[in-house]
Amino acid sequence: MPEETVVAHSGPAERPDCARPGPAPHEPLLRVPTYLVAELMKLIRRESAGALPGADAAGRMRGPAVLVLACVAAEGPMSQRQVSERLRMDPADVVSLVDVLEERGYVERRRDPADRRRYRLDVTEDGRLFLARRREAGLRLNRRLFAPLTPEEMEQFTDMIVRVLAHHDPRFTEHGPSLAGPDDAPA
């Protein structure tokens, strides 16, 4: 049997790179969605640590910085406050994330010509190239993470997550069901 087939179809216990931290969770925990989501987030963090561009030991690009960059790229020039409001992040956190992005040459911070007291953020060409690489790596990561699900199951899973989020956060209501398949989810 070719090695590729074994890796693609092996379960967690069969994968040599799969961490085995201890005994399996107790059955009642497997019925607690918040526990399962927390475990899924740990898996995503573990798997994405070396799989995404900018995730190097010398200067790891944190997920929130990528979210800020993606927000500015999608919405055009905008103020740091607008980014903070759009992403529901603390304004001070956004400033420090923009500092990182500016240092890497991914965003430019310029005075807003309409209000010189304010800065406008814009994505540079390097920032757009980074986002394109990050998106491709994210698509590969999503395909690997959600490989056990069929396309139909992935669509249902995504729809259910969006429904839960939309119930608590109006930002998600405008997107409706069938938002994204496994290849469209950001990493």
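Planes under 30 degrees apart count as stacked, over 60 as edge-to-face, and the rest as tilted.

Quick caveat: this is a predicted model, where local features need pLDDT of at least 70, side-chain atom pairs need 80 or more, and totals for chains, interfaces and linings use all residues. Numbering runs from 1 along each chain as its sequence is written, and side-chain values use heavy atoms, without hydrogens or water.

First up, tyrosine 106 and phenylalanine 130: ring centres 4.7 Å apart, planes at 20 degrees, so they're stacked. Tyrosine 106 sits in the loop between α5 (91–103) and β2 (107–112) and phenylalanine 130 in helix α6, so the pair ties together parts 24 residues apart in sequence. Helices here are DSSP runs of H or I, at least four residues, and strands are runs of E, at least two, numbered from the N terminus.

How buried is phenylalanine 130? Its relative accessible area is 0%, and buried means under 20%, exposed over 50%, partly exposed in between, with a 1.4 Å probe and protein chains only. Tyrosine 106 is buried too, at 11%.

The other pair is phenylalanine 146 and phenylalanine 157, with centres 5.7 Å apart and planes at 50 degrees, so tilted. Phenylalanine 146 is in the loop between α6 and α7 (151–168), and phenylalanine 157 is in α7. Phenylalanine 146 is buried at 14%, whereas phenylalanine 157 is partly exposed at 24%.

Back to α6: its buried residues, including Phe130 and Leu131, pack against α2 (33–48), α3 (63–75) and β3 (115–123).

Notes. Contact means heavy atoms within 4.5 Å. Rings of Phe, Tyr and Trp (its six-membered ring) pair if their centres lie within 6.5 Å; planes under 30 degrees apart count as stacked, over 60 as edge-to-face and the rest as tilted.
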